[in-house]
Amino acid sequence: MIGRATYYGGKGLDGNDTANGETFDHRDHTAAASKAIPLGSTAKVTNLETGKSINVRITDRGRHVRGKHIDLSRGAAQEIGITRKEGHAPVKIEVTKPPPSDD
């Protein structure tokens with residue numbers, strides 16, 4: 001899927017529970033939120049402007065902002081070159097591992 005990524009978080013959200021029950025840390029390099037991708041999935045997110053990629057786990061449901069496909073923790077966003085100035089970037093999102101089954 002090609003879409004837009006933003007980053008979310010900051011000190012104001014640190015310590016809050018995510019949708020899957022984990023504690024949010026904006027410095028985390030592996031946390032992400034998406035309305036469309038199932039919780040617990042792992043996805044490879046590639047910034048189409050920088051070519052940098054990161055693997056993230058979907059731990060939260062997101063802000064439900066139209067036109068945004070995935071929200072990355074600040075640490076993950078910075079790792080692939082999404083800066084505070086721009087705040088968003090075009091990305092390729094590939095689900096690499098589905099959520100664990102309940103079996």
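Two strands count as a pair if DSSP finds at least two bridges between them. With that in mind, welcome to this predicted model, where strand S3 (residues 42-47) runs antiparallel to S6 and six bridges join the two.

The chain has a mean pLDDT of 87, and 92% of its residues reach 70 or more. Confidence is highest in S3, at a mean of 97, and lowest in S2, at 87.

**The barrel**

Let us start with the overall arrangement of strands. Six of them close into a barrel, in the order S1-S5-S2-S4-S3-S6, and the pairing is mixed. On average, neighbouring strands of this sheet are turned by 45° against each other, direction ignored.

| Strand pair | Bridges | Example partners |
|---|---|---|
| S2 (residues 31-33) and S5 (residues 70-73) | two bridges | alanine 33 and aspartate 71 |
| S3 (residues 42-47) and S6 | six bridges | threonine 46 and lysine 92 |

**A closer look at threonine 46**

Is threonine 46 buried or exposed? Its relative accessibility is 14%, and buried means under 20%, so threonine 46 counts as buried.

The side chain of threonine 46 also makes a polar contact of 2.6 Å with the side chain of serine 53. Once neighbours within four places in sequence are left aside, threonine 46 is in contact with Gly51, Lys52, Ser53, Pro90, Val91 and Lys92.

**The nonpolar core**

In soluble globular proteins, nonpolar side chains tend to be buried together. In this model, the largest nonpolar core has 18 residues. Which of them touch the most other members? They are Val45, Val56, Ile70, Leu72 and Ile82.

Several elements contribute to this core: S1, S3, strand S4 (53-60), S5, helix H1 (74-79) and S6 each supply at least two residues.

Isoleucine 82 shows what such a core residue meets. Not counting residues up to four places away in sequence, isoleucine 82 touches Ala5, Tyr7, Asn47, Leu72, Ala77, Gly87, His88 and Ala89. Among these, Leu72 is also one of the core residues that touch the most other members.

Conventions
Residues numbered from 1 in each chain as written. Predicted model: local features only at pLDDT ≥ 70, side-chain atom pairs only at ≥ 80, totals over all residues. Heavy atoms only, no water. Helix = DSSP H or I, 4+ residues; strand = E, 2+ residues; numbered from the N terminus. Axes fitted to C-alpha atoms, helices over the stretch in contact; angles between N-to-C directions. pLDDT = per-residue confidence, 0-100. Buried < 20%, exposed > 50% of the residue type's maximum accessible area, 1.4 Å probe, protein only. Polar contact = N/O pair within 3.5 Å; in protein donor to acceptor, adjacent residues only side chain to side chain. Contact = heavy atoms within 4.5 Å. Core = buried A, V, L, I, M, F, W, Y, C linked by side-chain atoms within 4.5 Å.
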